[in-house]
Amino acid sequence: MGKHLKSLDHDILSRITRKGHGYVFTPADLLDLGNRNAVGQILLRNCRAGTIRKLARGLYDYPRQHSRLGTLPPSIDDIARALQGKDASRLQPSGAHAANMLGLSNQVPVRAVFLTDGRSRKVQIGQQMIILKKTTPRQMITTGRIGGTVIQALRWLGQRNVDDNLIAKLKRKLPNRDKQRLLEDVRYAPVWIGNVMRRVAGKMAR
């Protein structure tokens, strides 16, 4: 390996290891350190050495290790963050994944769906499928806010499956600041979901 590549190898590995085990990234996250071809060579070499892992085309991680379980799979949300940066798009957890994040479902979905304002795509990582589903601007208004995750989780659960016990569970799960933030997003929710959000926030529906 030439002097330049050795230096680049050191810089890339330093950045990756500083992020810590579990870090998911794309070559684009490293292009400020070197050109695409050189970065690609370094990533390939470190994959072969077992230092990093290739998850899918253009997607890598610095894998977490467990004393008994060995190499652990990457976090779905860490993958989503890396894909978000790669595509310069926003992602909103949706469906069963949103419900699971809030503790409203014990189901760990094999297909994790995220709404996006970028392009639709599917990324297969081991047994896990990450689905990015292009949606309308209105659906993305609450992206990055607790209201957006609650709206999508309740949509997936359906009105018939949302009872007093589930509302109480959501109240226990959310800190007070998040409960109050729900009120800011009521206007973007269907009427029945807005009423649930008010109840979670401690405000009775009008």
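**The model**

The structure is a predicted model: local features need pLDDT of at least 70, side-chain atom pairs count only at pLDDT 80 or more, and totals for chains, interfaces and linings use all residues. Residues are numbered from 1 along each chain as its sequence is written, and side-chain values use heavy atoms, with hydrogens and water left out.

**Overall build**

The chain has eight helices and nine strands. Helices (H or I, at least four residues) and strands (E, at least two) are DSSP runs, numbered from the N terminus. The C-alpha trace spans about 70 × 40 × 30 Å along its principal axes.

How much of the chain is buried? Of the 206 residues, 47% are buried. Buried means under 20% relative accessible area, exposed means over 50%, and partly exposed lies in between (1.4 Å probe, protein chains only). The areas themselves come from the Shrake-Rupley method with a 1.4 Å probe.

Q139 sits in the loop between β9 and α5. Q139 is partly exposed, because its relative accessible area is 24%. Q139 and A189 are 50 residues apart in sequence, and their C-alpha atoms are 9.3 Å apart in space. Now take G148, in helix α5. G148 has 2% relative accessibility, so it counts as buried. G148 and G126 are 22 residues apart along the chain, and 28 Å separates their C-alpha atoms.

**Aromatic pairs**

How many aromatic pairs does the whole structure hold? A search finds two. Rings of Phe, Tyr and Trp (its six-membered ring) pair if their centres lie within 6.5 Å; planes under 30 degrees apart count as stacked, over 60 as edge-to-face and the rest as tilted.

Why does F25 count as buried? Because its relative accessibility is 0%. Y60 is buried as well, with a relative accessible area of 9%. Together, ring pairs link Y23, F25 and Y60 into a cluster.

**Salt bridges**

Side chains of opposite charge can pair when their charged atoms come close. A salt bridge is a side-chain nitrogen of Lys or Arg within 4 Å of a carboxyl oxygen of Asp or Glu. By this rule the structure has eight salt bridges. The table lists some of them.

| Salt bridge | N to O distance |
|---|---|
| R53 and D61 | 2.7 Å |
| R90 and D117 | 2.9 Å |
| R145 and D185 | 2.6 Å |

Start with R53 and D61, whose side chains meet in a salt bridge. R53 is partly exposed, at 23% relative accessibility. D61 is buried, with a relative accessible area of 1%.

Next comes R90, which bridges to D117. R90 lies in the loop between α3 (76-87) and β6 (91-93), and D117 in the loop between β7 (111-116) and β8 (121-125), so the pair ties together parts that are 27 residues apart in sequence. R90 is partly exposed, at 39%. D117 is partly exposed too, at 33%.

D185 is buried, with a relative accessible area of 1%. R145, at 33%, counts as partly exposed.

**A charged patch**

Which residues gather in a patch of positive charge on the surface? They are R36, K54, R57, K86 and R119. Patches are made of residues with over 30% relative accessible area and no salt bridge: like charges are joined within 9 Å, and nonpolar side chains (Val, Leu, Ile, Met, Phe, Trp, Tyr) within 5 Å. Lys and Arg count as positive and Asp and Glu as negative; His and the chain ends are not counted. The place of a charge is taken as NZ of Lys, CZ of Arg, CG of Asp or CD of Glu.

R36 lies in helix α2 (residues 36-49). R36 counts as exposed because its relative accessible area is 53%.
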